[in-house]
Structure formats: structure tokens, C-alpha cells
Amino acid sequence: MTEDAPELRASDADRDRVTEVLRDALAEGRLDMEEFEERLDATYKARTYGELAPITRDLPSAPSPASAGTAPRVSMSKEPAPSGSWAGRITGREGSSTWAVAVMSGFQRKGRWTVPRRFNCFAFWGGGEIDLREADFEAGEVEINCIAIMGGMQVIVPPGVEVVVRGIGVMGGFDHREEGVPGDPGAPRVIVTGFAFWGGVGVERKVTRAERQRLKEERRQEKLERKESLRELGESYRDDALEAHRRMLDGHHDLMRERKRERQEERDRRREAQDQRREARDRRRDREY
């Protein structure tokens, strides 16, 4: 499915495609260096397709973000996850922990552990954290049953997991913000149920610390590569400009030498004509005497 959607958030790949068009325009002389730098800065600041559109609108062969002022053509359907990406984490083994209690205290379930089909937890004047980001799962559908009395709990799920919230709150509540996000093919389904009285159960979607560090390193590397590419492009542009200036000077020097040669030839012709007139006068004078 493709449709114009200027309000959609742009990705790094979209910005990279616009950057390629700007580089081609600079190399072809359609943009000078100042215009290129201004548009490149606007590209990296753009957050939506609508903001990318004007940057290459007046350039030929622009990619979708700049075509006729419309947003890029993008697929609205989720691409399948690589085969086996979740299969290894749905083990079928019995859960390593099936319950947790916090009375005027706290509990945590995090790191490498196996989530059972049903995990029961209770907090009274306390709190708990159930972190599923690095966990394995006994089944493709698990239930986290939370009872929070004047306390709170936080359920943390990784990206790609479908979340369903069915808890009831009395003077308290359950967080529904992550509900309705489609899961990856083969990913487990997490159902959050329970009861909250003067308390709350939060649901949050986070990547692992290692994944966050990896993404940060990727963005840093991409930024370094962009800077290096821009530096090389700038050097190439300067070399081309210097070469063009050198050719212009060489042409000017050749022209000046040609004009100097022509002036010298003109002086030689005048001197020769003067010599001929002088010889003619001398011959007339000799005949008169």
C-alpha cells in the first residue's frame, strides 16, 4: 500500500536518499557549496516527509520525498521478521519464577529468566518490576496478573511483543499506552491482568541496554561516515574549483601571449614600412643630386 503521507516520520534512509540528490546537484553545478550546506543541514533536521519535500523540489531526478511536493511512497505494511528471531525464546520449558510478593518492600524479575504461562504478583505499600526484555517464554501467550494495593508495578516488554491490558483499577489504573501495537510474526503475546486499588500498573516498551548501545553506536558511525563523506565531497569540490581556476588562468595567459605576439608583428610591419619609406626618400635624393 502506498499513499502520500507528509505527516509520517521520516527515517534515516529517507534522509540519506535526499542527501544523495543534493550531492549529485552539487557535483553538476546546480547548487553552490553554501546552498548545499544549508539544504544538507535542513535534511538532517527534518522529522517528517513533509519537511523533506521542499529540499529537493527544484532539482531533477529527486527521490520520492521531493517529488512534486508530496511525501515519499512508503509501505504501510509491517515487513516479516527474520525467520527464527523469536522461535528460540519461546522454549516450552516451565517458568523459572511463577510469583512475586512485595509488602512494604519491592521485587524485581529481570535479566535471563523464563516467563511462565501465568505469573502472579502482589504489592502492598510496595512496588515491583517485571522486565521481559531478555526473558524466555514458556508459551507464545503469557499472562502477567498484577494485584497492586496502595502500591505500583511496572511491566517492561521488548519491541515486537504484542501487549493486551485487561486489568481493573479502583482509585488507580492500568497503563494502556502500549496496547494495540501489532507484534512481530512469531513473537509472544503478553496479557496484563489484575486489580489496582490506590495504585497503578504501568506497561512500557523498551529495548535492552545492549541494543540501545548498539543503536547509539550505529548512529554515531553513520554520523561519522556522513561527516567523512561531506569532507571528501568538499575536498573534491575544492579540487575541481582549483582545476577550473587553473585552466582559466592558463587560457588567459595563452590569450595574453597571442596578443603580445600580434602587437610585436604589428610593430615589425610598421618598422619595415618606415624603413622602406626612408630608403625611397634616400633614392630620390640621390637622383636629384
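Student: Which residues are linked with R112 in a network of salt bridges?
Tutor: R93 and D136 are linked with R112 in that network. A salt bridge here is a side-chain nitrogen of Lys or Arg within 4 Å of a carboxyl oxygen of Asp or Glu. Keep in mind that this is a predicted model, where local features need pLDDT of at least 70, side-chain atom pairs count only at pLDDT 80 or more, and totals for chains, interfaces and linings use all residues. Side-chain values use heavy atoms, with hydrogens and water left out, and numbering starts from 1 along each chain as its sequence is written.

Student: How many salt bridges does the count come to?
Tutor: The count comes to 19. One of them joins the side chains of R117 and E138, at 3.5 Å from N to O. That pair links distant parts of the chain, 21 residues apart: R117 is in the loop between β3 (114-115) and β4 (118-124), and E138 is in the loop between β6 and β7 (141-149). Helices (H or I, at least four residues) and strands (E, at least two) are DSSP runs, numbered from the N terminus.

Student: And is E138 buried or exposed?
Tutor: E138 is buried, at 15% relative accessible area, while R117 is exposed at 51%. The cut-offs are under 20% for buried, over 50% for exposed and partly exposed in between, with a 1.4 Å probe and protein chains only.

Student: What does E143 pair with?
Tutor: E143 meets R118 in a salt bridge, 2.6 Å from N to O. Here strand β7 holds E143 and strand β4 holds R118, 25 residues apart. E143 is partly exposed at 22%, and R118 is partly exposed too, at 38%.

Student: OK, switching to R133. Where is it found?
Tutor: R133 sits in the loop between β5 (127-131) and β6 (136-137). With 16% relative accessibility, R133 counts as buried.

Student: What does the side chain of R133 make a polar contact with?
Tutor: The side chain of D131, at 2.8 Å. A polar atom of the R133 side chain also lies 2.9 Å from the backbone oxygen of V207. A polar contact is a pair of N or O atoms within 3.5 Å; within protein, one must be able to donate a hydrogen and the other to accept it, and residues adjacent in sequence count only if both atoms are side-chain atoms.

Student: How many residues apart along the chain are R133 and T208?
Tutor: They are 75 residues apart, with their C-alpha atoms separated by 6.1 Å. Leaving aside neighbours within four places in sequence, R133 is in contact (heavy atoms within 4.5 Å) with residues including R89, I156, K206 and T208.

Student: Next, helix α2. Which of its residues are buried?
Tutor: M33, F36, R39, L40 and T43. Down the axis of α2, those buried residues fall within an arc of 130° (taken from the directions from the helix axis to the C-beta atoms), so they line one face of the helix. E34, E38 and K45 are exposed on the other side of α2.

Student: Which residue caps the N-terminal end?
Tutor: D32 caps that end of α2, with a side-chain oxygen 3.2 Å from the backbone nitrogen of E34.

Student: And what does the side chain of T43 reach?
Tutor: It reaches the backbone oxygen of R39 at 2.8 Å. T43 is buried, with a relative accessible area of 0%.
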